[in-house]
Amino acid sequence: MDWHSKSREEIFSQLETDEQGLSSEEAERRLEEYGENRIEDDESTSMLSIFISQFQDNLIYLLMLAGLLSIAVGFLPGQEPKYTETGIIFLILFANGVFGFIQDYRAEKSIEALKKMSSPNSTVRRDGEKKEVDSTRLVPGDVIYLEQGDAVPADAWLLEAESLDTDESALTGESINVQKDTDVREEDTPVAERGNMVFMDTHVVKGRGKAVITDTGMETEVGGIAEEIEEADESQTPFQEEVDVMGKRIGYLVLGIVSIVAVIQVGLTGAGPMTILLMAIGLSVAAIPESLPAIVTLTLALGSRKLLAKDALVRRLPVVEALGSVNHIVTDKTGTLTEGIMTVEKLYFQGEEFDVTGKGTSTEGEFKKDGYETDENYLRPLLECGLYCNNSERRNDDSEEKFRGEPTEIALLAAAKKAGLEDGKERKRSIPFSANRKRMTVIKEDSKAYMKGAPEIVLDRCTHILVDGEKKELTEERKEDILERNHEYAKKALRVLGFARKDVEDIEADDDKIESGMTFLGLQCMKDPAREEVKGAVEECRNAGIGVIMATGDNVETAKAIGEELGFDPEGAVTGREIEKMSDQELREKVKELEIFARVTPEHKVRISQALQDQGYNVAMTGDGVNDAPALKNSDVGIAMGQRGTDVAKKSSDMVLQDDNFVTIRDAISEGRAIFDNIRKVTNQLLSTNSGEVMFVFLGTLIGGLFFPEYFSTSESVVLTAVMILWVNFASDGPPAIALGEDPKVEGIMDRDPRDPDEPILDKKILAMIAFTGPLAAATMLPLFFLNIENFLQAQTMLFMALAFFEIIMFQIIRRDYGLKLRDNKYLITMIGLSSLSHLALLYTPLSGLFGVTPLGLEAWAYILTALGVFTLVEVGYRRILSRKYGDRKKEFDKFYG
């Protein structure tokens, strides 16, 4: 519908709404009618497609074909169909598919849950009151409020537009911001010129507005071209890409070995073509780690849930990897290092200083001078300016007083309320605050302009000052006195704002004219106390080899005072203006030695991040404003604030701190390191045991053909059947590998240096382990087969059980490298127990006949345990040698091995 060409009355009539919006009951009814306000994902994965995908693999196709051929060949003269073996092959394939489905489905649901939780809220008028509502539950007819930094949640017709500009590049491709108004447009006006409309997936970059929603979900302009509002990264993680490449390389290696085995079987053992085919395909499926990418994805997804439990919402799975290699954090101060709850503590007015009592958002308090209560009416001009030049609001919900807005403005509002002031004057115009301007100006119905901002910025716009109730000239001496007072307050960690006003003749004049010739009123000084727990977290990060830099918009003295309290070195603190004078090379040198940057803009933060990255650092950057988006995007890990962050900042980030606390960053990095360790353990185990399987079959076939030809003369004479290998691959590897994702963090994980971002999962140490483990397993366990070869079935069964428990033992051998005991992971104990019982069930139940195995006596188990014991001792000894050689990489190894 051409909403842009409708009048206000037509809009309200057709949407059956008004300025007060909808009732909650009507909104729920319309939600049922229109559906959720979201873009439908055509690529969403159904349960059936996830299950079918488990069997969409060329090797799986070959194994299915082999199973069918084994039946078909049985109908040839002199042959019997192998129904049992074929049935077991398909049963294992099905069970493996179910297991893979469970992995992928859990990962898919975890990712979907994270997407839903990253959906922003919107401010809407319901039941005659402003409320925060999940954007997906908005409906046509809802009246919404828009502020600078908000994401527009749906298509809407503007009721009010106060200096409102939006970024519509996501919709139109135009990079220039669009000025908005409430004028009706012609019916044939193109989308890019519909200035009285705002559109889903665009952003407010300036001003404020009020609008009535006309279309939601797929009915919006964005929905019409099927764009995703949710920014989800569906590409493979670096982990998965690396595993895929490694899998292909292993695949080529296995194909070569399979060819050699086939030649040996044909030339020396007399094995038939079907046996060779089944063995070759079964060996390939067992040796190539097809399940590893799925396990990596699931481990990352489960890891993201752990991070969420610590108030860190990961928006993209690859961030979990990046967290483990963060070696520099550039953090804001307000709300992240501090409590984020500002309280006005001092006023400076007409040359006098006043104390303000009352803490937090309390509106109860007094104004005192030299310890004696002062009449608040005397302070009215200064407090009134803070009240008018303010976008926060107080509201009463269930008789409990609450505030909504930015912490600094809430503090100003609370201070004004202590004097009993109420804002009863209509705002006629607003020139909004920005990081570059560092000031905000509003014009009220009394034709006065009220300004607040950084004291030095406000003073630059003033020509007069209020003294003894009269307007006097602002001399340089008076200006210096005010700046000196500001400096003294800042050294006490007080955040200081300056205030001014003037009479305005033409409220439509340009911004510069409106904001010139102001009369300075005074200063309001507020305190945001440091979070008690942050100092320890900063110290722990530094012990972990992570540099921590404070980059704040506050005055340099305030930044130094708070920074010193939290353990930052205040020496040499640099301001944004000084950054502007530095070359890139000079800044690169400074960021290596300084810990505090003050009066910085988002542009400065981008340069700081780039200066660190140019030197090879992996940077995590925090931000909350709309202008922080470039800094968040350009860092390695962009971290937005969940409580005070704008929607633009959140959508530009990789992770959202739901509690805005620096400690959560520390916890997230710690969890990221642990998750990387777990994936490295899984990769090590799966590839090590797969190499063992290859060596068992390759060397077993080679030795048997050369030295025991009389026992390898038939097509059934193989060291391990395809069914046995498939079973071990299914039962010994899968469930315990998933349980590894629940391993706890190793002790001292934050005492080691950050991982190099370019360091692969399969580094030199792990590759050396994998290369050694397979041959060692064959050397220690193949003798079980050949020493008992006279009873071929028992020998085969013994090697089968040795392989099964070798793969289980490898889990704890690898975990031992990290100083972990088996009892540290109850899930792993459970999975190992179930896996072990399943192996024993094959021997001592009727299943033994189906799998071609025989029950083993105590003597046979004694041989198996001896072989496993020898393997374990040699393997652990070799890993100890490697740990000493590569000890610099993991401090926990040094600790464990002494």
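View 1. β8 pairs with strand β28 (residues 655-657) in the antiparallel sense over three bridges, where two strands count as paired if DSSP finds at least two bridges between them. Within this pairing, V314 stands opposite M655 in β28. Strands here are DSSP runs of E with at least two residues, helices are runs of H or I with at least four residues, and both are numbered from the N terminus. Strands of a sheet pair through backbone hydrogen bonds, in either the parallel or the antiparallel sense.

This view and those below show a predicted model, in which local features need pLDDT of at least 70 and side-chain atom pairs count only at pLDDT 80 or more, whereas totals for chains, interfaces and linings use all residues. Residues are numbered from 1 along each chain as its sequence is written, and side-chain values use heavy atoms, with hydrogens and water left out.

**View 2. Strand β21 and its antiparallel partners.** Strand β21 (residues 494-503) has seven of its ten residues buried, so this strand is largely enclosed by the rest of the structure; buried means under 20% relative accessible area, exposed means over 50%, and partly exposed lies in between, with a 1.4 Å probe and protein chains only. Strand β18 (residues 448-453) runs antiparallel to β21 and is joined to β21 by six bridges, and G453 has G498 in β21 as its bridge partner. β21 also pairs with strand β22 (residues 518-527), again in the antiparallel sense, over eight bridges.

View 3. The structure holds 51 salt bridges, a salt bridge being a side-chain nitrogen of Lys or Arg within 4 Å of a carboxyl oxygen of Asp or Glu. In the one shown here, between K333 and D554, the closest N and O atoms are 2.8 Å apart. K333 lies in the loop between β9 (328-331) and β10 (343-349), and D554 in the loop between β23 (547-551) and α18 (556-565), so the pair ties together parts that are 221 residues apart in sequence. Both K333 and D554 are buried.

**View 4. Further salt bridges.** The side chains of R588 and D614 meet in a salt bridge with an N to O distance of 3.3 Å. This pair links distant parts of the chain, 26 residues apart, with R588 in helix α20 (residues 584-591) and D614 in the loop between α21 (602-613) and β26 (619-623). D614 is partly exposed, with a relative accessible area of 44%. K368 and E366 form another salt bridge, at 3.7 Å from N to O; K368 is partly exposed at 26% relative accessible area, and E366 is likewise partly exposed, at 32%. Elsewhere, salt bridges link E26, R29, R30 and E33 in a network.

**View 5. Cysteines without a disulfide.** The structure holds zero disulfides, a disulfide being defined as a pair of cysteine sulfur atoms within 2.5 Å. For C385, the closest cysteine sulfur is that of C389, which is 5.8 Å away and therefore too far for a bond. C385 is buried, with a relative accessible area of 0%, and C541 also counts as buried, at 0%.

View 6. Helix α27 (residues 792-816) has 25 residues, which at 1.5 Å a residue should span 36 Å, and its end C-alpha atoms are 36 Å apart, in agreement; the expected span is 1.5 Å times one less than the number of residues. Of the 25 residues of α27, 20 are buried, so this helix is largely enclosed by the rest of the structure.

M831, L834, L837, L840 and Y844 make a nonpolar surface patch of about 460 Å². Such patches are made of residues with over 30% relative accessible area and no salt bridge, where like charges are joined within 9 Å and nonpolar side chains (Val, Leu, Ile, Met, Phe, Trp, Tyr) within 5 Å; accessible areas come from the Shrake-Rupley method with a 1.4 Å probe, and for residues only the protein chains shown count as cover. Y844 lies in helix α28 (residues 826-844) and is partly exposed, with a relative accessible area of 43%.

G741, in the loop between α25 (722-739) and α26 (764-787), is buried at 7% relative accessible area. The C-alpha atoms of G741 and L828 are separated by 9.2 Å, although these residues are 87 residues apart along the chain.
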